[in-house]
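Here are some questions to work through with the coordinates open. Each answer ends on the value or name asked for.

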Amino acid sequence: MKHFSVLLLLFGLLFNGVAQDSTKVRFYVKGSSDFWIKLDGELLPVRNVQMITPGLHDIEIWSPMHKKYKGTIEVPVKDSISYYQELKKDPEYIQYLIQTDEYKRKVFIGKTAPLFLAFSGAVASPFLHSMRKRWHEESIKENFKSQYFSSNVTGAENVTRRYNTVNAAFFTSLGLTGGGLIAYYFTRKWVEKLDKSVYRQQNPFTVEMFELGMNPVTNTPVVGLTLNF
Amino acid sequence: MRKLFLGALMLWMMAGCEPQPKACLDWGDTLEAGTTLNLESCSEDFDFLTWEFSDDRGYIGDNVERIFEDETSLSVRLTAYSDGGYRTDNVTHEFKTSFRYIDRMEVIGTSDFASFRLAMEGGSWSAGGAEGTFTEEAPFVLYVWPDDKQVIESTRNGGFTVYGVRNGNTSNLGSSPTYNFETYKENPMVLESNFGLTFKVFWRFRD
């Protein structure tokens, strides 16, 4: 009897016949970078590899900016499996994106573009003014030379043409500066009154409130997390 | 933002303010013909100058080097330009060109000569009644002008010699150095003789 027990133990070790009570499930969730899983009503730790007992389970998955997925998972008796699930975007989030785009477009038209044009003109105008002066001086000299002691009329015409080009660019830069500032002056109130869209979503598994909004200073999206008790 | 733009605007306006140039010519009414002249202006606050002569010659520069070959009446229009040439000022100056002519010789000192004779390459001129004591205020004068044949030609080197006549005998009272008339423009040309006499030879332009 004693020998039989030892043989049974060796047999078991040889065929690795130890009883398996959970399967390693690697989750691939197409959503945002973080996701939460609830299995049979129990919230799992936030990680993408879970040890789950084989069998059929109810599963809920949620990721910020996505709709909660609800379904079942059949976990086989295996060392590990992969589970792939694509979450659908939250329609409110899509609406938020559309509103954000619209907001950005209006801010661009009413603030960014006029100020950019004004700034570009203000930066370019001193350089263009310097070039304009130089070419104006050159054109005077070349025209004088062609009148008195040089037969190179084409050279004088070329210099005059260059001067005219730079001159036009200079006044364009002035126009951009003035026009940009005037446009900004008239649109700034309208821009200030624009509604900044905000997207809020409650984590269905926790008390966390996920929020997406626009930074009022930089006009860039910011993410916030609020705990509601 | 508003202050930034106002500051940039003021900076730009300050940079764009060029001083008003002032064109100026302070020559006399006559310039010497037949020699290389370096014509300068008394203009101020300019970046460059243009010179337009009425004989259809134009120049660009702070000064002009040119030769007036003949005696004539001309005018020059000088335009002073600011940096960039957006602001200008101009002045027109009328002048005539003339060669240099020997005008007269003045003698200072005590003379017992009956007459003096001035000799230069191309001619000589005499004047009598030269005895006496002559001062700066009341010199003995030997007139050459209006004989306009005696031109000081800048292209040549030359000088003059003074002779004195006494009792029918002619004495050489001295000779000036050989001048380079291209550069020697002194008026008068002075010769101190060994006879205690000073000879001053004046030149002039044509009226």
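Q: What is the mean pLDDT of chain A?
A: The model is predicted, so each residue carries a confidence value. In chain A, 84% of residues reach 70 or more. The mean pLDDT of the chain is 86.

Q: How many contacts beyond near neighbours in sequence does the stretch 8-18 of chain A have?
A: The pLDDT is below 50 over residues 8-18 of chain A. Where pLDDT is low, predicted coordinates should not be read in detail. Beyond near neighbours in sequence, the model gives this stretch 1 contact.

Q: Which element of chain B gives the largest share of the side that touches chain A?
A: Contacts link 14 residues of chain B with 14 residues of chain A. On the chain B side, helix 1 (2-16) and strand 4 (57-60) each supply at least two residues. That side divides into 7 nonpolar, 5 polar and 2 charged residues. The largest share, 5 residues, comes from helix 1 of chain B.

Q: Is Asp70(B) buried or exposed?
A: Asp70(B) sits in the loop between strand 5 (63-67) and strand 6 (73-81) of chain B. Its C-alpha atom is separated by 6.0 Å from that of Ala33(B), 37 residues away along the chain. Asp70(B) has 10 inside 10 Å, so it counts as exposed.

Q: Which residue in the turn between strand 15 and strand 16 of chain B has a positive phi?
A: Strand 15 (residues 160-166) and strand 16 (residues 169-175) of chain B run antiparallel, joined by 6 bridges. Gly164(B) faces Ser171(B) of strand 16 across the pairing. The two strands form a hairpin with 2 residues between them. The turn residue with a positive phi, about 55°, is Asn167(B).

Terms used. Residues are numbered from 1 along each chain as its sequence is written. Chains are lettered from A and ligands numbered from 1 in the order in which they are written. This is a predicted model: local features need pLDDT of at least 70, side-chain atom pairs count only at pLDDT 80 or more; totals for chains, interfaces and linings use all residues. Two residues are in contact if their C-beta atoms, placed from the backbone, lie within 7 Å. Helices (H or I, at least four residues) and strands (E, at least two) are DSSP runs, numbered from the N terminus. Ala, Val, Leu, Ile, Met, Phe, Trp, Tyr, Cys and Pro count as nonpolar, Asp, Glu, Lys and Arg as charged, and the others, Gly among them, as polar. pLDDT is the predictor's confidence in each residue, from 0 to 100. A residue is buried if 20 or more other C-beta atoms lie within 10 Å of its own, exposed if 12 or fewer, and partly exposed in between; C-beta atoms are placed from the backbone. Two strands pair if DSSP finds at least two bridges between them.
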